[in-house]
Amino acid sequence: MRIFVARLPGTPVFDPAGDQIGRVRDLVAGLRAGHRPTIHGLVVEVQPRRRVFLPITRVRRIEAGAVVFSGRLNMRRFEQRATETLVVGQLLDLSVRVGGEQVTVYDVAMEEVKPSIWEITKVAVYRRRRRDPRVVDWSEVTGFDTVQQDQGAAGLIEAFASMRAADVASALHHLPPKRRVEIARALDDERLADVLEELPPDDQVGILGRLGPERSARVLEEMGPDDAADLLHELPDEQATELLALMEPGEAAPVRRLLTYPEDSAGGVMTSEPVILPPSSTVAEALAHIRQQDLSPAVAAQVFVSRPPTETPTGIFLGVAHFQRLLREPPSTLLGAALDPSIDPIRPDFTLIEVTSYLANYNLVAAPVVDELGRLVGAVTVDDVLDHLLPEDWRERDDT
């Protein structure tokens, strides 16, 4: 059986009892001069974001949508050895030669040559923009052992296409820094912004420093204002000032406002773009707004109601309409009649501990933040609070 490996990332992995224990993130191979590479095993990500090694000898079946293994899985964190290569992360997009012709790798295929022994036997390549794809034997290809200055990223990005931003971020974090930057450069601005929001600060700063000021400013514009402000806090003041100046004024304004608050306050962690509507809007209009695909679950869980204008920080806060209440009301009901009278707003100077207590006391996933004039300036969501209360390196931890 021949399996093209670029299709495997994200595939669920099941134990002998039929329980899903994680997902495939990559394959590990040993490259040997003059021999076809041998697959050592799979890198499997289990929760919470821990990468472990599954020996290929334990794999019993690889089929559409599932990898099934036998025995027990060693939960020790996977660490790549110097003699090992990540097949998806490091082989795809390499520039190699076939019969003297320069081509690019976009996939490789492995086959079980003996029971529980898998080798890479085929290489899928193209010459120009994938207009002439072909599959050749591994023996026909040279150049896999050459260090390349710019590897490209199209194949790996295609392998990442169906993965959530947090999973792509995890994959990038475990790649060598050079490869990480190559992938980041090839992602479009919106996708890169989503991925950056999920990366540890050191990775964020490292990537942004290699993109160039203009590209960095465009990516910051695509990020949520609160995430952009958090990232700018990590940069030297001179660089942060330069990037803010390069951003579109309308995109930079909310970020500048967030930067005026202490990082450990409600104002410092809030989003300035919750769902806000006037009291004259209907329940039907509110439900249409929170259905937007780009809203996080915490942001979409409620609609904040204010007097016009409904742009922060200008409208006077009137109340909150929770989505469960909206589902129970007739579509024609006005939002002004669907407010929760028990929710009082918090102030921007609330500490994170005070915000956490507030959310816990009222069983909320978001809280309105109002200034001294009663204007709605933003909302603090539970995911924002968790990001700041967890240890700084929580995204990098592979152990519990």
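I started with confidence: the chain averages a pLDDT of 90, and 95% of the residues score at least 70. pLDDT is the predictor's confidence in each residue, from 0 to 100. This is a predicted model, so I kept in mind that local features need pLDDT of at least 70, side-chain atom pairs count only at pLDDT 80 or more, and totals for chains, interfaces and linings use all residues. Residues are numbered from 1 along each chain as its sequence is written, and side-chain values use heavy atoms, with hydrogens and water left out.

Confidence is lowest in helix α2 (residues 154-160), at a mean of 82, and highest in strand β14 (residues 276-277), at 97. Helices (H or I, at least four residues) and strands (E, at least two) are DSSP runs, numbered from the N terminus.

Next I looked up A166, which sits in helix α3 (residues 165-173). A166 is partly exposed, at a relative accessible area of 26%; buried means under 20%, exposed over 50%, partly exposed in between (1.4 Å probe, protein chains only). Beyond its neighbours within four places in sequence, A166 is in contact with R49 and E198, contact being heavy atoms within 4.5 Å. I also noted L196, 30 residues from A166 in sequence and 9.0 Å away, C-alpha to C-alpha.

Then helix α9 (residues 237-246): which residues are buried there? I found A240, L243 and L244. They line one face of the helix, because they fall within an arc of 100° seen down the axis of α9; the arc is that of the directions from the helix axis to the C-beta atoms. Their cover includes α6 (201-211), α7 (213-222), α8 (225-234) and α10 (249-259). Exposed E238, T241 and A245 are on the face of α9 turned away from its buried side.
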